[in-house]
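Please look at the sequence and the structure first.

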Amino acid sequence: MSERPNTEQSPASRDSRELWELVRRAENGDAKAVPALRQLLSGSAALAEMLGNLAQQVEVSLIGNAAGKNLSFKEGLTRKMELLRQEIAGPNPTILERLLAERIALCWLALHDAEIRFAQMRDLSIAQAESWQSRIDRAHRRYLS
């Protein structure tokens with residue numbers, strides 16, 4: 001008689017699946033999921049960072065808008081941002097250095113995104129061109145500050 005294969009999932013796999021089901025429920029507005037999610041977040045800084053990092057959400061949005069369906073550009077730009085943050089922050093950054101490096105990298109991305117979008121536009125009215133130049137100027141000021 002042959003043994004049946006063990007079809008049970010590992011506890012870690014089951015826990016992960018349950019966690020993401022809880023996150024999905026909370027994302028869809030299920031208030032009953034919030035107490036359990038809050039308890040998980042209080043016990044895991046990594047999970048709180050993953051679910052609550054607004055700077056990362058901004059970066060993902062800017063990169064997604066810039067890359068569109070071009071996955072190679074998306075991956076290259078994502079890696080460029082990682083390298084830029086690391087180079088700016090240096091080895092063993094303090095929390096302040098890490099936050100500043102993140103902000104500088106986001107400002108770099110926003111500035112260059114605005115410049116390339118303006119450069120690719122055709123047949124702009126004077127008012128539209130001035131609006132884009134103003135947007136670029138504001139992004140440039142944020143980057144330099």
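Axes are lines fitted to C-alpha atoms, for helices over the stretch in contact, and angles run from 0 to 180 degrees between N-to-C directions. Helices (H or I, at least four residues) and strands (E, at least two) are DSSP runs, numbered from the N terminus. This is a predicted model, in which local features need pLDDT of at least 70 and side-chain atom pairs count only at pLDDT 80 or more, while totals for chains, interfaces and linings use all residues. Residues are numbered from 1 along each chain as its sequence is written, and side-chain values use heavy atoms, with hydrogens and water left out.

Q: How are H4 and H6 oriented to each other: roughly parallel or roughly antiparallel?
A: The axes of H4 and helix H6 (residues 95-120) come within 11 Å and cross at roughly 25°. Angles under 35 degrees count as roughly parallel, over 145 as roughly antiparallel, 65 to 115 as roughly perpendicular and the rest as oblique. H4 and H6 are therefore roughly parallel.

Q: How many charged residues does the contact of H4 with H6 have?
A: Contact means heavy atoms within 4.5 Å. On the H4 side the residues include Ala55, Glu59 and Leu62, and on the H6 side Glu102, Asp113 and Arg117 are among them. Ala, Val, Leu, Ile, Met, Phe, Trp, Tyr, Cys and Pro count as nonpolar, Asp, Glu, Lys and Arg as charged, and the others, Gly among them, as polar. By these classes the contact has eight nonpolar residues, one polar and, as charged residues, four.

Q: Is Asp113 buried or exposed?
A: Asp113 sits in helix H6 and touches Leu62, Ala66 and Arg135, not counting residues up to four places away in sequence. Buried means under 20% relative accessible area, exposed over 50%, partly exposed in between (1.4 Å probe, protein chains only). With a relative accessible area of 6%, Asp113 is buried.

Q: Which backbone nitrogen does the side chain of Asn53 reach at 2.9 Å?
A: Asn53 lies in the loop between helix H3 (45-52) and helix H4 (54-67), and at 12% relative accessibility Asn53 counts as buried. Its side chain reaches the backbone nitrogen of Ala55 at 3.1 Å. At 2.9 Å, the side chain of Asn53 reaches the backbone nitrogen of Gln56.

Q: What is the relative accessible area of Trp132?
A: Trp132 lies in helix H7 (residues 126-144). Leaving aside neighbours within four places in sequence, Trp132 is in contact with Ala114, Arg117, Phe118, Met121 and Leu124. Trp132 is buried, and its relative accessible area is 14%.

Definitions and conventions:
A polar contact is a pair of N or O atoms within 3.5 Å; within protein, one must be able to donate a hydrogen and the other to accept it, and residues adjacent in sequence count only if both atoms are side-chain atoms.
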